[in-house]
Amino acid sequence: MEVVKIPRILNREIVLLVALSLAAFGVFVFTRHMAAGVQQLEAKIAAVWFERGMQYMEAGETEKAIQSFRKATADTGDNQKYLLALAGALAAGNDAAEARQLLLTLRESDPGNAEINTQLARLAARQGEVQDAVHYYQSALYSNWAAAQADERRRLRIEFIRFLLAHEQRDLATSELLVLQGRTADSPPAHIETAKLFLEADDQKHALQEYEEALRLDSQNEKALTGAGQTSFQLGDYATAERYLRDALDVNPDSQKARQLLTLAELVQSEDPLAPRLSPLERQRRLMADFERSEQRLESCLNQAAGSTAGAELQSLKAEALAVQPKLRSQTHPPDSDAVRSGLDLIFRMQQAASIHCGEPAPEDQALLLIGRRHNGEHP
Amino acid sequence: MKASPVLPLIQRLRLRENHIFFALTIIIAVLAGLSAVLFTLAIKGTTYLLFGISPSSLRFVLVPTLMSLVTGFLLVKFFPDARGSGVPQTEAAYHLRQGDIPGRVAFGKFLTGALCIGSGHSMGREGPSVQIGAGLASAIGKWFNLSPERAQSLIPVAAAAALSAAFNTPVAAVIFALEEIIGDMNAALVGSSVVASVAAVIVARSILGNSPVFHVPQYHLVHPAELIAYVVLGVVGGVVSLGFSKGLLWLRGIFKRMPARTLMIQPAMGGLIIGVILIFFPQVMGVGYQYVNQALNGGLLLKTMALLCVVKLVATIVSYSSGNAGGIFAPSLYLGAMAGGVIGTLMHRFAPFPTGDPGAYALVGMGTLFAGIIRAPMTSVFMIFELTQDYQVFVPLMIANMISFVISKHYQPTSLYHALLQQDNVHLPAPGARVPSRSWQAADIMTREFTMISPNTSVAKALDAIESSGLQALLVGNDRLYEGVISRDLMEQAMLSGKANSPVGALMMTDCAHAHADHPLEVVLDRLHKNPGLLPVVRRERVREVQGIVTPQSVMQFLQNTRDKPTTDIPVEKNASSK
């Protein structure tokens, strides 16, 4: 009988290997459990430090806040919320270099993160680094935003536009404003805010559109009515301005601003000799009335400025006025369109000189200045 | 009777040692990796448990002091091999005891290491992780009754795995095992170490995630002239490394010279000093990688970094020298980051050429101090490269590292790990001597029978003894532990000057050369020539213990006996290292 002997040692090795493998698996499970426990503990402690940091920030104790945020991030180094809070505190504590370094490190791993780019943009804006700020603002605005963050994004865009306007970047600001206009929430305050930004960017047409959008939603909105009136006024559309301003005063009769603008709008319309559909006589009457008023103001100003350097300029204007006067007074030959324009030009120059040398003009004089500007092509 | 059909299957399952070794490599790597992760977690847990969220000054002082009393007791009574880093002990076990590490060492290191580092001592976790992993490997090797060579081979494999898991740099871990533990970059264990390192890092990442130990900034060499700045960093790194090594050895020497009864309270003495330091500089507590991160990312001011560099240096020296359990791997990186950050900031402010971010200098500084203190320049280069994953860092890193390494080596020829072992009377073979030699060795030549006289023996009696031995000198000491050597000339001079009754202990030479059993013949002859006719051959792991002596007569006798035998026939003593 053949007996096959199996060395016992070899069987023992297999058993030991299997036992060790099982033990290793057991230790692995235990270690994972322990790691989860320690990580939870770390997260809990980090949360405590984060809360303390936020409280210090609210109390204005930036240094303590920085220390707290540092501790919060010590063991949870990849927690973006804590790191961003630290960066914010560092920036507030005038440690812009570290804040930037921290944010740039965060940005490396998540270049499209709106929050990181926003903080970098604000940091650059604070440092006066316009190009960097524009770059980060744009990165922030054109990254992925959740639908629920639409308002936050809109506010950031407004912040960016204000930054651009403050740094004479009017073209970029207008581009962003047009994007903003397309995404403005359909509410009167949002349209009014957008309209104001358009006004800051010297884009009265779009501003008026936004005011009108606001009025479409709320026809009695005083701010929108006043804004629309003011914008129409700036555009030289005094009739429309008068309409909006009257409505604004109906809503709020105490509005001084609306009343002043309305007065001016009415005066411009009633004093303008080049207004459409006027008879020749009426045109001449208005021209003469405007001329005499301007002459009187010049005369009065000459008396005030006698002996000063301004006197010569005013004298020269007076001499010019005296030369033109007989021609304008002629009843038999009412002035033609060119004569009216040259008369208006003289009126404008007289009013302008008087305003420069003799103080604020009265509403009637202001109206004459506006008429002059209107017909000299200064209005769009 | 017909054989059972199961038998061929069982026969196929018969495992050869190669197969067992390969399977063990993976299992040990997993276990070493898990032990490293658990050790890290234990340190964190202990820290939170002992210090809470915002500790008071009293707690800062009491925790390290009281916990060091506990660990002092444990280290003296139960785990004497668990003091310090663990890397030199692992090296000693690999080179001198064929990888034999008692099973209790791994447990003791885990326990005392977690308590020491967790209680605020300024020490690192990597060295202990290496020793814990190696201890596990040794124990498992014993269970499997592996051959001594195989069991020895498991040590660097486990070391690579443990370091890989502890530091999350698998390539640097392999190089560290080869460069530091084995001492031979061409060792045959490269394959096993790589497998182990990869297995361990997979395990560690599956538990802790794949986030790196440090958040490293993008590296840029802004201007070629910046290399000059890295030369400066190398010089500073060399000086700081030297200061750290010398200071550590000096203070440890003082602690070692203290009476033996103070051994148990020495860690607590260190703990008290650390406690006081922590009140003012809590940033130097424990491993301190969060502050390394801050330095790397420009989060620390120049003054803070300079202060932390000095305070961390002092704190680590105190913690280590007083006999606590913990490593110097992490502190060397911490010091490097701070020193690099200081140089980087100064360069950034004052250099006449554009320079990179101070964080880049902190990064290179880490490698620079590592090269200067640990003396593993290849590991340091690959470690930083693994952290940055950027080739641009290579040139500045190599420049700074080599300068630091050269300065440190010039003024402190023995590496810190080896010098620490020498303080414990353990002499590791020099790197060149670790390659197995086929030439004659001291073990082949020495005479195992020798006379040793007590230091209290009178000169007259000693002279009688030397006359009867026929030697030119005698060993002086007790129980095979020698204290010095006395020559015939010295004894005769003493007799002539009327000191016949003086004890030889007062006359003996204490600074004689010695050899180890694995030293080659040329080294033995050279050292014998320097001694008065007698060369003691001592154990590497206990340098006062004499294994035998070499005399001119024994050399002549050996040569006469063996002149016709081929070299390879000469047996090498079993208990002496074959390397």
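User: How are residues and chains named, and what do the values rest on?
Analyst: Residues are numbered from 1 along each chain as its sequence is written, while chains are lettered from A and ligands numbered from 1 in the order in which they are written. In this predicted model local features need pLDDT of at least 70, side-chain atom pairs count only at pLDDT 80 or more, and totals for chains, interfaces and linings use all residues; side-chain values use heavy atoms, leaving out hydrogens and water.

User: Why is F107(B) called exposed?
Analyst: Exposed means over 50% relative accessible area, buried under 20%, and partly exposed in between (1.4 Å probe, protein chains only). F107(B) has 54% relative accessibility, so it counts as exposed. This residue lies in helix α5 (residues 103-118) of chain B; helices are DSSP runs of H or I, at least four residues, numbered from the N terminus.

User: What makes N168(B) buried?
Analyst: Its relative accessibility is 16%, so N168(B) counts as buried. N168(B) sits in the loop between α7 and α8 (170-182) of chain B, and its phi is near 60°, a positive value in a residue other than glycine.

User: And why is D202(A) called exposed?
Analyst: D202(A) has a relative accessible area of 52%, so it is exposed. You will find D202(A) in the loop between α9 (188-200) and α10 (204-217) of chain A.

User: How do you know that helix α12 of chain B is largely enclosed?
Analyst: Seven of the eight residues of α12(B) (residues 289-296) are buried, so the rest of the structure largely encloses this helix. Among them are Y289(B), Y291(B) and L296(B).

Conventions:
Helix = DSSP H or I, 4+ residues; strand = E, 2+ residues; numbered from the N terminus.
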